[in-house]
Amino acid sequence: MIQSKLCTDSIGNALRAALSSRMIRLEDTSAIFYDLSFLEARIRHLLSCFPPRTLHGLAVKANPLARVMELIRDISPAVGVEAASIGEVSMAMRAGYEPNRVVFDSPVKTLSDLTFALEQGININIDNLTELERVHHLLLTGIPYRQSTTEEGNLISKSTIGSIGLRINPQIGVGTILESSVAGVYSKFGVPFNHYRTELEHAFLSYPWLTGMHLHVGSQGCAMEMLLDGIGVLYDFMLDMNRKRDALGFPQISVFDIGGGLPVSYLSGQTAPSMEEYSRKIAIRAPQLITDPNIRLITEFGRWTYTNSGWTVSRVEYVKADPSVNTIMLHVGADLFLRECLNPHDWQHEYTVFDHLGMPKQGIDKNPYNLAGPLCFSGDIIAKNVALPKVEEGDYLVIHDTGGYTFSMWSRYNSRQTPRIIGYREDRFVVLKERETLDDLHNFWT
Ligand SMILES: Cc1ncc(COP(=O)(O)O)c(C=O)c1O
């Protein structure tokens, strides 16, 4: 069993150590923390749940911090990245990931993006049938698509370098969060399986180089059974296509990318499915993915990897009292918690109040609190009516489970400086990204 959440005690210890060692300085009105031991344990656990030949393309969009990408790169060659844009591809390569550890998934790849990815030997997931034709033409025009060869030029497994796959929407339904569900009857991503079955079959029986299949069902809000249903649709299709490709003398479809989407728990009492169970169930529904040594499985877990390893702290600048609710004025709001502010029903966190020395406060105040951010619009409230101990100016509010999809969604509205981002192992700290200076801010807008 792997620990699913950081406990408040360990966060409190880190907060006090950060305050006393001045990792949190006066100007750090807010800061983002990563427990790097927790993160590493989670990645090692992920590796242990799948066959060693699996590539784990950890979704950059969940956490694009260059220092973090560098730190986890050497855990294993099976650690890779899933990049949703050419910018994320570039970040991954600068962080030292070889091209065959990068999976490129953007739905709007340009000709030059595709040319670059093919030339470099990056794993590409084509999003739609028009993009498929573009790749076909690029390959016809002699783009030097790298074959999987050793240094001596001998052909090695076709699946180890630069595979080309096609994203298919299995159309198995949407989860509880519409905005992050992508496997409904309609989705802007991938080729819809039921609507385009004939065209899909034609593609896999026309292009020998199309050796991969990719799906992604959604991010949070999709039960494990939905993810398994999606895998099942593509798995059956893959078996069928492989029989037919065999008859044509085509190489087998040997790369199967299951995407990400295993949900995590943001609230105590909310149980999240375990990675071991997910892998066990994949082995039952789609056995070859786990047992066949010729199949290279790819995963793309972002939220599961990062979310529970991070937390955010803001100093309480002011507390405003109203007859029935108090409002805490914080230094982070919709700039860091866009989804929480705009869609509070679906995105919630737990909160802990610490005093100015980092000691946890006890009890529950008679009025609940609205957690308001610093931005200039009334919807800039992370959560409403939260039961908390009495909060005072100078306290610290910790927002739990902010390691994924928070800083990566930073908004520039109102030109707030991005906070200092700090990694730690026990009480040893490292600055992962420095707080933005006013000069940095000026450069952004100039
Ligand atoms: C194509 C693709 N892969 C992987 C992910 C990561 O999903 P999650 O962070 O929920 O694991 C996403 C996120 O939505 C995605 O769009």
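Trainee: What share of the contacts in the protein chain between residues at least 6 apart in sequence join residues at least 24 apart?

Mentor: In the protein chain, 71% of the contacts between residues at least 6 apart in sequence join residues at least 24 apart. Keep in mind that this is a predicted model.

Trainee: What radius of gyration would a compact globule of 446 residues have, and what does the protein chain have?

Mentor: A compact globule with 446 residues would have a radius of gyration near 22 Å, and the protein chain has 23 Å, so the two agree. Along its principal axes, the C-alpha trace of the protein chain spans about 75 × 40 × 40 Å. As for burial, 43% of the 446 residues of the protein chain count as buried.

Trainee: How many helices and strands does the protein chain have?

Mentor: There are 13 helices and 19 strands in the protein chain.

Trainee: How should I read the sheet that contains S12, S13, S15 and S16?

Mentor: Strands of a sheet pair through backbone hydrogen bonds, and the pairing is either parallel or antiparallel. Here, four strands form an open sheet with mixed pairing, in the order S12-S13-S15-S16. Strand S12 (318-321) and strand S16 (381-386) stand at the edges with a single partner strand each, so one side of each has no neighbour in the sheet. On average, neighbouring strands of this sheet are turned by 15 degrees against each other, direction ignored.

Trainee: In which sense does strand S13 pair with S15, and over how many bridges?

Mentor: Strand S13 (residues 326-329) pairs with S15 in the parallel sense, over four bridges. For an example, take isoleucine 328, whose bridge partner in S15 is leucine 371.

Trainee: How do strand S15 and S16 run, and how many bridges join them?

Mentor: Strand S15 (residues 369-372) and S16 run antiparallel and are joined by three bridges. Tyrosine 369 has valine 386 in S16 as its bridge partner, while alanine 372 stands opposite isoleucine 381 in S16.

Trainee: Turning to the ligand, which of the 15 residues around it come nearest?

Mentor: Ser219, Gly260, Glu300, Gly302 and Arg303 come nearest, out of the 15 residues around the ligand.

Trainee: How do the residues of that shell divide into nonpolar, polar and charged?

Mentor: The shell around the ligand has four nonpolar, seven polar and four charged residues.

Methods. Residues numbered from 1 in each chain as written. Predicted model: local features only at pLDDT ≥ 70, side-chain atom pairs only at ≥ 80, totals over all residues. Near = placed C-beta within 6 Å. Nonpolar A, V, L, I, M, F, W, Y, C, P; charged D, E, K, R; others polar. Pairing = 2+ DSSP bridges. Helix = DSSP H or I, 4+ residues; strand = E, 2+ residues; numbered from the N terminus. Axes fitted to C-alpha atoms, helices over the stretch in contact; angles between N-to-C directions. Rg over C-alpha atoms; globule rule 2.2 N^0.38 Å. Buried ≥ 20, exposed ≤ 12 C-beta atoms within 10 Å, placed from the backbone. Contact = placed C-beta atoms within 7 Å.
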